[in-house]
Amino acid sequence: MRIIMLVDMDYFYVACEELRRPEIRGVPAIVGADPKQGKGRGVVMTCNYKAREYGIRSAMPISMAYRLKPDAVFVSVDFDYYDEVSRKVMAVLRRFAGRFEQVSVDEAFMDVSDKVNSYADAEAYAAGMKKAVLDDVGIKCSVGIGPNKLIAKMACSKAKPDGIRLVREEDVKAFLSGMEIIELYGVGGKTAEKLAAMGYGTVDQLAKANAVQMIGRFGSFGGELIRYANGIDDSEVTENSEVKSIGREFTFEKDTDDREAISNEIGELSMQVYRELDKAQEYYKTVTLKLRYSDFTEHLHSRSVRMTNDQKTIAKTALELYGQDSEDGRKIRKLGVRVSNLVSRKGQKRIG
Ligand code: TTP
Ligand code: MG
């Protein structure tokens with residue numbers, strides 16, 4: 001039996017700000033663009049739950065947030081600081097994981113099958129982990145627990161804020177039943193519209209969808225969606241270990257959704273990473289692609305490959321990871337390609 005957890009920090013960027021500015025605790029606070037008395041451009045990156053009471057949400061124009069709550073505290077973005085807090089959080093979580101996979105700045109999957117004996121155990125274990133994050137770093141998080149990554153992820157959204165939601169294998173069907181299609185992992189606004197046009201408005205309907213029709217419309221993603229609607233996900237928690245890695249990043253001058261330009265840049269970054277790797281005389285086992293969207297959301301995708309120092313595998317894997325991203329039409333601001341799990345060609349495994 002597998003027991004998988006997804007841990008996601010609550011209102012992460014604002015939670016970070018609260019750490020160094022305790023005076024904003026408990027008052028509506030927003031991290032994002034400068035509101036400029038309601039004339040500001042740009043968006044809300046995130047806001048605390050107090051601000052959410054006024055209808056403020058991530059990705060909303062900052063001018064609208066200002067209209068909803070002009071006297072909220074508006075804080076500008078400090079990614080370096082959030083990365084620093086994120087590293088501390090991940091170090092705590094790692095202590096609790098068997099296998100550990102960080103998926104974004106504030107979220108990680110953990111396979112705890114070897115750490116606990118039962119789902120009941122897992123719930124207590126998650127409570128201990130939440131307490132450790134709060135005690136050591138000072139921020140709150142939510143935990144979804146399930147038999148696979150898909151269910152853990154969806155359970156976590158139901159656990160928010162500051163909660164734990166456990167979905168046992170035998171309860172998966174009931175958990176998914178009655179959900180709107182947009183609540184299903186992997187389904188964004190555009191996909192939901194297309195599915196609605198095909199007559200699939202709920203997860204229950206999609207679970208019984210015609211596979212031939214779905215694959216004809218969406219390719220292999222169509223088959224995946226049907227599996228998701230049935231709560232099926234065999235993907236493993238893939239370790240992205242803390243050992244040294246080599247990466248390169250690129251910021252577009254203008255945010256873009258031009259797939260060709262993005263693919264070319266992924267190729268270029270992969271080549272730069274390869275050159276560095278070759279100089280360092282290392283093999284790699286994991287390739288990670290980072291996509292930062294114009295709304296500053298970040299997606300991290302990793303895949304393990306057979307240990308290699310091959311040049312083409314970096315670009316090929318990164319491009320495949322790009323193909324699998326469910327970006328839903330948002331423009332990309334920044335790209336990163338990274339190889340990790342490095343092993344020295346001299347046969348010595350690196351630590352630290
Ligand atoms: P999320 O985990 O999606 O959001 P959150 O942590 O702010 O709130 P919660 O999990 O409690 O619902 O995203 C993590 C961080 O990523 C978030 O703090 C800010 C950033 N982010 C954006 O910049 N733009 C966005 O549209 C979203 C959703 C998040
Ligand atoms: Mg979060």
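**Exercise 1.** What is the geometry of the site of the magnesium ion (ligand 2), given its six donor atoms?

*Solution.* Keep in mind as you work that this is a predicted model. Start with the protein ligands: D8 (OD), M9 (O) and D106 (OD) coordinate the magnesium ion (ligand 2) at 2.0 to 2.2 Å. Next, look at the angles among the six donor atoms, which run from 79 to 177°. Six donors count as octahedral if opposite ones are over 155 degrees apart and all others lie between 65 and 115. The site is octahedral.

**Exercise 2.** Find which parts of the chain D8 and D106 tie together, and decide whether each residue is buried or exposed.

*Solution.* Begin with the spacing of the donors along the chain, which reads D-M-x96-D. Then place the two aspartates: D8 sits in strand β1 (residues 4–9), while D106 belongs to the loop between β5 (99–104) and β6 (107–111), so the pair links parts that are 98 residues apart in sequence. Finally, check accessibility, where buried means under 20% relative accessible area. D8 has 13% and is therefore buried; D106, at 12%, is buried as well.

**Exercise 3.** Work out how helices α1 and α4 are oriented to each other, and which residues meet.

*Solution.* First, take the axes: those of α1 (residues 12–20) and α4 (residues 79–96) come within 10 Å and cross at roughly 90°. Angles of 65 to 115 degrees count as roughly perpendicular, and α1 and α4 are therefore roughly perpendicular to each other. Now list the contact: from α1 come F12, Y13, C16, E17, L19 and R20, and from α4 come F79, Y81, Y82, V85 and S86. Sorted by class, this contact has eight nonpolar, one polar and two charged residues.

Methods. Residues numbered from 1 in each chain as written. Chains lettered and ligands numbered in written order. Predicted model: local features only at pLDDT ≥ 70, side-chain atom pairs only at ≥ 80, totals over all residues. Heavy atoms only, no water. Axes fitted to C-alpha atoms, helices over the stretch in contact; angles between N-to-C directions. Helix = DSSP H or I, 4+ residues; strand = E, 2+ residues; numbered from the N terminus. Parallel < 35°, antiparallel > 145°, perpendicular 65-115°, else oblique. Contact = heavy atoms within 4.5 Å. Nonpolar A, V, L, I, M, F, W, Y, C, P; charged D, E, K, R; others polar. Donors = N, O, S within 2.8 Å, 3.2 Å for Na, K, Ca; no water. Tetrahedral: all angles 85-135°; square planar, octahedral: opposite > 155°, others 65-115°. Buried < 20%, exposed > 50% of the residue type's maximum accessible area, 1.4 Å probe, protein only.
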